[in-house]
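Here are my notes for your read-through. Keep the structure open and check each point against it.

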Amino acid sequence: SLGEQTTLARAQISTGAALLFVDYPAGAAMLLGVRDRRLATGNHFGVASALSMIGSGSGELMHLREAEDYLRESVRICEAHDYNGTYAEAWLALCLMLRGQWDEAAAVASAVLPKVEGTNMTRLMALLALARLRLRRGDPGADEALEEARQMAEGSGALQRMAPTACARAEAAFARGDPERVAAEVRVALPLAQSKG
């Protein structure tokens, strides 16, 4: 009612992203609506952001084919307009790894890591993609990447950081044949996941 279209779009992005997890079709429709409205006004950065959000959410929910399509389009727009698309790239690497497209996943994740520093979600997702890929292929460096991811997730209190890190570390313990360690890694995030329903 105040005509604050930027604020409205941000609220719809956040609401659509949350809605994906309880009603995927409704959340996707809301996010795609934002994308379409931004496209109509020539807001390419906004389009890429909406696609990145639906792509990462779809990846978290294991809608991997859809996630890959949205993320590739977000990356394409970012590259065409010289925007920072590393968040979409990191999620694309993880989705590619999970879909068995290992060579491309390795290339994308390896390209993202030098571009991002600190403890942000982009670096965490790229690390997890690379760690899980190295683990599955028997490449060196999986433990180091998992340890950095653990340090980034530890103490954050954020399920979005803790759950994928715990799962990757549990996968590594399973690959080593260590069921006690699998359970211990899962317990790092399980109480928080249960408390969030």
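1. Start with the buried residues of helix α3. They are Gly46, Val47, Ala48, Ala50, Leu51, Ser52, Ile54, Gly55, Ser56, Gly57, Ser58 and Gly59. Bear in mind that this model is predicted.

2. Next, the length of α3. The helix runs over residues 44–60, which makes 17 residues. From its first C-alpha to its last, α3 reaches 24 Å. That is close to the 24 Å expected at 1.5 Å a residue.

3. Met62 follows α3, and the phi of Met62 is positive, near 65°.

4. Now the cysteines. How many disulfides does the structure hold? It holds zero. Take Cys95: the closest cysteine sulfur to its own is in Cys167, 15 Å away, which is too far for a bond. A disulfide needs the two sulfur atoms within 2.5 Å. Seen from Cys167, the closest cysteine sulfur is in Cys95, again at 15 Å and too far for a bond.

5. Are these cysteines buried or exposed? Cys95 has 1% relative accessibility, so Cys95 counts as buried. The cut-off for buried is under 20% relative accessible area. Cys167 has a relative accessible area of 47%, so Cys167 is partly exposed.

Notes:
Residues are numbered from 1 along each chain as its sequence is written. This is a predicted model: local features need pLDDT of at least 70, side-chain atom pairs count only at pLDDT 80 or more; totals for chains, interfaces and linings use all residues. Side-chain values use heavy atoms; hydrogens and water are left out. Helices (H or I, at least four residues) and strands (E, at least two) are DSSP runs, numbered from the N terminus. The expected span of a helix is 1.5 Å times one less than its number of residues. Buried means under 20% relative accessible area, exposed over 50%, partly exposed in between (1.4 Å probe, protein chains only).
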